[in-house]
Amino acid sequence: MTTVATATAPTEAAPTTFREALAAFPSGVTIVTTTDRQGRWWGFTASSFCSLSADPALVLVCLADNAQCHPAFLAAESWVIHVLAPEHADLAVRFATRGVDKFSNSDFRPNEKGQPVLDSAAVTLECDAYARHPGGDHTILVGRVREVRMRETIPAVYFRRGFHALPE
């Protein structure tokens, strides 16, 4: 049996406990990419991704305010969300690492807007910027999906700080 303490004043979960609890929630893994005004490619790994609306087709992804790519995404008119397959685990780690060349030795190609696209992703969603909202130490990027591509592959799952493959 699980018990929950009741407090008379609002309290916050301890940061370590909060992170551990969220690590116990399985999620998909995405890489989000865009270009800045100079045509430079930017990207980040996100497990905080979900659908928001069917009509219009909206999705959201959360980006840390202190990420190096944050200014590029704040100014971007569009971005691409890639739902990763299990073979992309190393790529997901690279895109989550600060200060590395995220696009070196990878299979990204430019789309018609010059944005990096990973054709081997399980799902690719090309989105136009719809809204941005503050969310604590993150910015919630809402994109309106304008193009969807899906491959016959099973996506990766991130659970307890590790990548897992779903059974066939």
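Arg 109 lies in strand 7, which covers residues 108-110. Strands are DSSP runs of E, at least two residues long, numbered from the N terminus. The model is predicted, so local features need pLDDT of at least 70 and side-chain atom pairs count only at pLDDT 80 or more, while totals for chains, interfaces and linings use all residues. Residues are numbered from 1 along each chain as its sequence is written, and side-chain values use heavy atoms, with hydrogens and water left out.

Next, the neighbours. Leaving aside residues up to four places away in sequence, Arg 109 touches Trp 41, Gln 115, Pro 116, Val 117, Asp 119 and Arg 149. Contact here means heavy atoms within 4.5 Å. Arg 40 sits 69 residues from Arg 109 in sequence, and their C-alpha atoms are 13 Å apart.

An open sheet holds 7 strands in the order 3-2-6-9-10-5-4, paired antiparallel. Its edge strands are strand 3 (41-46) and strand 4 (49-53), and each pairs on one side only. From one strand to the next, the twist averages 35°. Angles run from 0 to 180 degrees between N-to-C directions, with axes as lines fitted to C-alpha atoms.

Strand 5 (residues 58-64) and strand 10 (residues 138-150) run antiparallel, joined by 7 bridges. Two strands pair if DSSP finds at least two bridges between them. Ala 64 stands opposite His 138 of strand 10.

How values were computed. Helix = DSSP H or I, 4+ residues; strand = E, 2+ residues; numbered from the N terminus.
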